[in-house]
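Let's take a friendly tour of some strands, rings and a pocket. Have your viewer ready and follow along.

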Amino acid sequence: MLPLLMIDRALQAQRGHFLPWVPVCLGGGIGLFFWLPEDPGVFTLSLVILVGVLALPLLRCADGRSQFAWAMLLISMGFSTALMRVHLVEAPVLGFRYYGPVEGRVIALDRSGSNALRMTLDQLRLARLAPKETPDRLRISLVSDQNLPPIGAVIGTTAHLMPPQGPSEPGGFDFRRYAWFHQLGANGYTRNPVLVLQPAQTDLVLQRFRDNLSRAIQARMNPSTGGFAAAIITGDRSGVSKDVLQALRGSNLAHLLAISGLHMGLLSGFVFALLRFGLCLVPPLALRCNVKKIAAVGALLAAVFYLSLSGGNVATERAFIMVLVMLVAVLLDRRAFSLRAVAIAAILVLLRRPETLLSPGFQMSFSATTALVAVFGWIRDNRVALGPDWLRPVLTVLVSSAVAGLATAPFGAAHFNTLAQFGLLANVLAVPIMGLIVVPSAVLTFLLAAVGLEAFGFWVMDLGLQWILAVAAWVSALPNAQSGVATPESWVLPCLSLGGLFVVLWQGRLRWAGLSVIVVSLGFWTEVTRPKVLISSNGGLVGVMMPEGRALSRDSSQNFTAKAWLAADGERVSQAQAALRWHRTGETAGATDAVPRIEVAGFTLFHVIGKRQAELIKSCAAQDMIVSNVALEFDGPCLVLQPKTLRHTGSIEIAPHGALITSAGEAGNRPWSRP
């Protein structure tokens, strides 16, 4: 009974501090839904509902049972919300590879991960597909940087399309799940000209205004800074060059491209300060009105305009909700910067789009905000002085950059497999310029545009952006500016997050127990073991872990998969360098002279590429494994993995202990993973 009494007292001590735990419990239910290998059946769903119903009578208990009941109810709500969201966004998915005419309306322009220009289309027409089988949306990458059609125009082209692809390795990022929630039923590319069949109509007004503004900004500024300015003002990254993007990523400044809490906070904060200071210069108004609340309303209107202008993607919506909560707190005379405000923002985001819980944007944004509010709240409550008055702004930037960087580092490393060693230095040098020069000059440009003097605002903004890009180029070029990090086990990041949240949110000395959870999670992360063998979903690439790193069977083809494997291993080498390891270790002999092979843990692995090599394989031994990207016509005692098999299994890994694991088995039977 003593442990139960101790738990009860600990829970009662949290009374009045439960709101910050609400998104944690909601997230627990959402995470449980996505963790299930199968869609919840009648029994599972009934059990979840029953748990929520049984918790209702305990909500008003005076002891710790009420907190436990609330937790169960919120977990049930999170689970149900995710389930409902899955079925609300359901849309047709292309079931085969398609080549032919494509017609559709352009609703977005951006760049892919490989920096190729890309169009998102809706109102689609595909040859030989009935309307009910036609996807709601699709993406097409353009091989060349041709003249892009305007937003809202109906275009036609001939394109190669395919269904959204599964993970590059079992348990990896599943693009099919991402596409499901964005209603993307197909993706592909075209090498043919894009013809405008119908000009933009009166709909999509905001999107067309955003597109026109982006083009105008890029036309009036230098190519490097113009694309950067368009990205932070309109959210359009199509003008950001590959070199600029690599420099920003290498210096940990890529977050400046995303319209997130930093940009929304800087904009609304600048407008709030400008309005409040300006109104205070009018004594009759300042003495009769609450200029603080008037400024808050003005800042809120500016944030709404920025949300509409930027396209309203998930990251921007998340940032807007957080700013909205802060400004409403000002209007209600409540503390704007508190963990309760962060919790309310997280609750609204999770209830609207529960799938964002799994995204790096959500995790990094809220981890940084929670850590900053907690640390600066502690500094405020304990009246810790950050140096003398003249040095305080510099130390504040240094502390905030360090706290935000430390809080987001595990999530960035887990999702992107890299750590920027000098990210703190780059942020200290660049972020103040973003707040003091770039954002104010952007607001000034909009104000001066009414009288035709926007050129001065663009000139000032260009100076600030040139400084940021110079910092990014310098820091990213430093020796060992980035280091690779291996992908952790799937449970490490959730446990690490819970440990950090326990330290921040729990009241009392017990909070420090969360540090042990963090240490244990990081310890297991450092000891992660990567698969011995990886096989791509079409048999076109094989990767074998050797003492010096992963050896790849090909030096150029399937570079996206190759990059994903090497990054997940924590390696920062090119595909060509990894292929040299195969050639140094692999052997050829006898009738299989032209077929690459390599010895792996007691068996010989052959990788057959193309029909010419397939004709050389006539038989095999029991200790052989043959991977082929074309159909093979022979029988033998060996394990053969060819397209007709891989079509059902997806990518495959062979674990160090010899178990064969498939992507299909890891993904389970979910709506987005069904063939």
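Which residues of β14 point one way and which the other way, and are they buried or exposed? Asp624, Ile626 and Ser628 point one way from β14, while Met625 and Val627 point the other way, and all are buried. Buried here means under 20% relative accessible area, exposed over 50%, and partly exposed in between, with a 1.4 Å probe and protein chains only. Please keep in mind that this is a predicted model, where local features need pLDDT of at least 70, side-chain atom pairs count only at pLDDT 80 or more, and totals for chains, interfaces and linings use all residues. Residues are numbered from 1 along each chain as its sequence is written, and side-chain values use heavy atoms, with hydrogens and water left out.

**The strands**

Helices (H or I, at least four residues) and strands (E, at least two) are DSSP runs, numbered from the N terminus. Strand β14 covers residues 624-628, and because five of its five residues are buried, β14 is largely enclosed by the rest of the structure. The β13 strand has six of six residues buried, so β13 is largely enclosed by the rest of the structure as well. From β13, Phe603, Leu605 and His607 point one way and Thr604, Phe606 and Val608 the other way, and all are buried. In a regular strand the side chains alternate between the two faces of the sheet.

Two strands pair if DSSP finds at least two bridges between them.

| Strands | Bridges | Direction |
|---|---|---|
| β12 (residues 597-600) and β13 | Four bridges | antiparallel |
| β13 (residues 603-608) and β14 | Five bridges | parallel |
| β14 and β15 (residues 639-641) | Three bridges | parallel |

Elsewhere in β14, Val627 stands opposite His607, and Met625 stands opposite Leu639 in β15. The β12 and β13 strands form a hairpin with two residues between them, and Ala601 in the turn has a positive phi of about 45 degrees.

**The aromatic rings**

Rings of Phe, Tyr and Trp (its six-membered ring) pair if their centres lie within 6.5 Å; planes under 30 degrees apart count as stacked, over 60 as edge-to-face and the rest as tilted. Searching the whole structure gives 13 aromatic pairs. One of them joins Phe33 and Phe34 edge-to-face, at 5.2 Å centre to centre with 80 degrees between the planes. Phe33 and Phe34 are both buried. Phe502 and Trp506 make a stacked pair, because their ring centres are 5.0 Å apart and their planes are at 15 degrees. Trp506 counts as buried, at 11% relative accessibility.

Phe33 and Phe34 also belong to one aromatic cluster with Phe79, Phe181 and Trp672. The charged end of Arg670 sits over the ring of Phe33, 4.7 Å from its centre. For that label, NZ of Lys or CZ of Arg must be within 6 Å of the ring centre and within 35 degrees of the ring normal.

**The second largest pocket**

A pocket is an open set of points on a 1 Å grid over the protein atoms alone where a 1.4 Å probe fits, with protein on both sides within 12 Å along at least five of seven lines; lining residues have an atom within 4 Å of a point. The second largest pocket has a volume of about 340 Å³, taken as the space filled by probe spheres set on the points. Of its 18 lining residues, the closest to its centre are Leu267, Val271, Ala442, Val443 and Phe446. Helix α16 gives the largest share of this lining, seven residues.
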